[in-house]
Amino acid sequence: MKGAKLTINLLALQNNAKYLVDNIKRNSTENNNGVIAMVKNNAYNLGLCEAVESFYDGGIRFFATTSIKECKAIRDMYSDVHILCVNPNTEFDFIREYGITATLPSFEYIQENHEKMKDISWHIEWAGHMRRSGCRSETELRNILEFAKSKDIEIEGLWTHFSWADTFDEEKNYEKERDEWIALLKNITKDYSFKYIHSQNSASFSRDGILPNHTHIRPGILLYGYYPHDRYENDKIIPSIELSGEVISIIKLSAGESIGYCSSFVPTEDTLVAVVNLGYGDGLLRKRGIGHDVIINDKKYKLVSFMMSHTVVKIDEYVHMEDSFDASEKIISVNIENSEVKIGDTVYYYNKELPLHEFTKKGVGSCSEQMSPLNYSTLEVEYIR
Ligand SMILES: *Cc1c(COP(=O)(O)O)cnc(C)c1O
């Protein structure tokens, strides 16, 4: 038995990094343009070291994450990269020792800590509409910049994170926060210069390209091979994850006979189902389960029940790969002997034909939500290098 399996294609990560780096170089008039790879939460749970190495090979020399522990792990790998910690913190000696670029979140912060802030590169955070942290007004920003100058503290960058970039809403909230930020940059760069200005996640970049005055974009999900929304799909970004299980039994249910906890699936007619050795305990979101497709031997079948270590697939009807279940279904045999699906067959939950972003569209959750829970202790993990 093969066991449930997660395959992570590092060549896809490298390809996606190279594609974005080249794209920024081609399409921007600014100098020093580039890509800051967002590798927070263990590189969206794909493995920090493996992902950083692949992005480095794709040409990326600037990384960002939320924890200084991950910043150190990146520094231990490469001495010739920039590493930004986007969360504010006060481990000044640690930051200095590992050459970590730090976030300056407010005027109070620099007033309180200026004596310990020397010999560190600082990027000021603008709160924008996100307001997790960061300065909240142009006055506050100017106060920080003046104070820093007087104390000889090096401000190298200015950044923000848009709160609406992944959403297209009637009120055009993204456009509002973006335009406020661009107006702020226009004002502030008259009086101060920054080596680094960055704001855009994958969604913002794919909506607008790199924005004026910006030196870098700061994508996560595009680098991992998934689209933040369906208005930007091309064949250049390659999905990185394949998740599969194996059929461990095939069961014929008579009409009215249930399977799973609390009769979670009760067919109204005789039905053939396959039980697969992968469930929510392996990190597959429950929402990904019911009513959504899996692929077995190049045909799509429907998931009908979802348990901790098992899922159940209805295997007496299928649609062809290019169709979805809205199209008419082909009923095949309900006899085990004639079943097209056999014990030992591989069942794909995610692969090139079933990319995570397709399930985002169906309401399963964002791509990062689908990636984060994947369970490395129960899945057999293979990296393709
Ligand atoms: C997660 C994150 C990103 C990347 O977002 P994607 O939507 O994955 O591109 C960029 N910047 C910050 C501050 C983030 O937290």
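1. The residue that follows helix α3 is Gly-59, and its phi is positive, near 110°. This angle, like every other value in this note, belongs to a predicted model. The helix itself covers residues 48-57, and its buried residues are Leu-48, Ala-51, Val-52, Ser-54, Phe-55 and Tyr-56.

2. An α-helix has 3.6 residues a turn, so residues three or four places apart point the same way. As for what lies over the buried residues of α3, the covering elements include the helices α1 (10-27), α2, α4 (68-77) and α10 (221-224). Strands β2 (34-38) and β3 (62-65) are also among the elements that cover these residues.

3. The chain as a whole may now be described. It contains 13 helices and 17 strands, and its C-alpha trace spans about 80 × 45 × 40 Å along the principal axes. The chain has 385 residues, of which 54% count as buried. Of the contacts between residues at least 6 apart in sequence, 62% join residues at least 24 apart.

4. How is the chain divided into domains? The domain assignment gives domain 1, residues 10-208, and domain 2, residues 241-384. The contact between them takes 7 residues from domain 1 and 9 residues from domain 2. The C-alpha centres of the two domains lie 40 Å apart.

5. Two or more lining residues are given by each of the elements α2 (40-45) and α13 (367-371).

6. Which domains contribute to the lining of the largest pocket? Domain 1 (10-208) and domain 2 (241-384) each supply at least three residues. By residue type, the lining consists of 11 nonpolar, 10 polar and 4 charged residues.

7. Is His-198 buried or exposed? His-198 counts as buried because its relative accessibility is 0%, and a residue is called buried when this value is under 20%.

8. The side chain of His-198 takes part in polar contacts. One joins it to the side chain of His-123 at 3.0 Å, and another joins it to the side chain of Arg-218 at 2.9 Å.

9. The loop in question runs between α9 (202-208) and β9 (216-217). Why does Thr-215 count as buried? The reason is its relative accessibility of 8%, since the cut-off for a buried residue is under 20%.

10. The side chain of Thr-215 makes a polar contact of 2.8 Å with the side chain of His-216. Thr-215 and Ile-197 are 18 residues apart along the chain, and their C-alpha atoms are separated by 5.3 Å.

Conventions. Residues numbered from 1 in each chain as written. Predicted model: local features only at pLDDT ≥ 70, side-chain atom pairs only at ≥ 80, totals over all residues. Heavy atoms only, no water. Helix = DSSP H or I, 4+ residues; strand = E, 2+ residues; numbered from the N terminus. Nonpolar A, V, L, I, M, F, W, Y, C, P; charged D, E, K, R; others polar. Domains from an automatic or database assignment. Buried < 20%, exposed > 50% of the residue type's maximum accessible area, 1.4 Å probe, protein only. Polar contact = N/O pair within 3.5 Å; in protein donor to acceptor, adjacent residues only side chain to side chain. Contact = heavy atoms within 4.5 Å.
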